[in-house]
Amino acid sequence: MTSDKMRIVFMGTPDFALASLKALVENHYNVVGVVTVADKPSGRGQKLHESPVKLYAESKGIPVLQPIKLKDETFVNALKALQPDLQIVVAFRMLPEVVWRLPKYGTFNLHASLLPNYRGAAPINWAIINGEKETGVTTFFIDEKIDTGAIIAQKVTPIESHETAGTLHDKLMVQGAELVLKTVDSIAEGSCTTQPQNKEVTFAEAPKIYKETCKIDWQAEGMTIERLVRGMSPYPTAWTAFVQKGEVLNVKVYDALFEPVSHQYPIGELLVGKKGLRVAVKDGYIQLLELQLPAKKRMKTTDLLNGFSFDNTTIL
């Protein structure tokens, strides 16, 4: 079967998935349906939010399914009616077996790491937080567990010295879309080969991130703190608490730089200069380069200091 004849159902929700869907459609692959998250109310007006994948699919006249439960008989029957030869999953939910076993050629997933490293919900964030020098994207056939299926293809990406989760996300998004096309072609041509993942060795994991995961521990080493900030920027964002005029302010930190140096300041001391903010840590200083105060917009620290005065104080 040629790739332009293969009936493809695409499953995904955010911008990371949209890049792969666009690549398929714009390169004339036969996408016969899209599955995405149900519309959800958001914002002050609780207006229904439609996923980027849904909006694009509808603009191209592609049928869209938005199931609440993936085992629901109505959804499964609607999926069967699309007669998919292949299903592609990018940044979606864990699929039940009744769904991933449906197509003749199976269901493959695009994951933003070099599996089996960084299985889980937040591979891009954890690769930076852990100080990895490289990561990449992987396509693999889905099986009954999370991110454990046989690997089809991979592409390696270096992690730059001041990389953020945002910049790495955008690079992997583009490279992932290219790998999706390559994977579809290999399956359609019958040249696809797979490599089982090693299940006997413990690999780095990428668990879901919570608010407490994002809180900066000023007792940690400086480079560990810098990597946490970069690995959480721009989302979900590292944060810390300042005591300002007796009030505790939770402040988001979008950019920071570690400066290794000896000093005599207590750990956690906030040092306010005319053009910058530094926090004393055990092996140097953390320069706070970009912040967001409560109910304020994100700002470069140099601009923030033009209209806001910080007390020299210890950070919580």
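Which residue's side chain meets that of Arg-230 in a salt bridge? The first close-up below has the answer, and every view comes from a predicted model.

**View 1. Arg-230 and Glu-226 in helix H7.** The side chain of Arg-230 pairs with that of Glu-226, with 2.9 Å from N to O. These two residues sit four apart in helix H7 (residues 222-231), so about one helical turn separates them. Arg-230 and Glu-226 are both buried.

**View 2. A salt bridge between Arg-101 and Glu-97.** Here the side chains come together at 2.4 Å, N to O. Arg-101 counts as exposed because its relative accessibility is 53%, while Glu-97, at 42%, counts as partly exposed.

**View 3. Lys-300 and Glu-290 join up.** The closest N and O atoms of this salt bridge are 3.7 Å apart. The pair links distant parts of the chain, with Lys-300 in strand E17 (residues 299-300) and Glu-290 in strand E16 (residues 284-292), 10 residues apart. Lys-300 is partly exposed, at 44% relative accessibility, whereas Glu-290 is buried, at 12%.

**View 4. A network of Asp-39, Glu-50 and Lys-54.** Salt bridges with shared partners connect these three residues into one network. For the model, the count of salt bridges comes to seven.

**View 5. The surroundings of Gln-244.** Gln-244 belongs to strand E12 (residues 238-244) and is buried, with a relative accessible area of 6%. Beyond its neighbours within four places in sequence, Gln-244 is in contact with Leu-249, Phe-308, Ser-309, Phe-310 and Asp-311. Take Phe-310: 66 residues separate it from Gln-244 in sequence, yet their C-alpha atoms are 7.0 Å apart in space.

Notes: Residues are numbered from 1 along each chain as its sequence is written. This is a predicted model: local features need pLDDT of at least 70, side-chain atom pairs count only at pLDDT 80 or more; totals for chains, interfaces and linings use all residues. Side-chain values use heavy atoms; hydrogens and water are left out. Buried means under 20% relative accessible area, exposed over 50%, partly exposed in between (1.4 Å probe, protein chains only). Contact means heavy atoms within 4.5 Å. A salt bridge is a side-chain nitrogen of Lys or Arg within 4 Å of a carboxyl oxygen of Asp or Glu.
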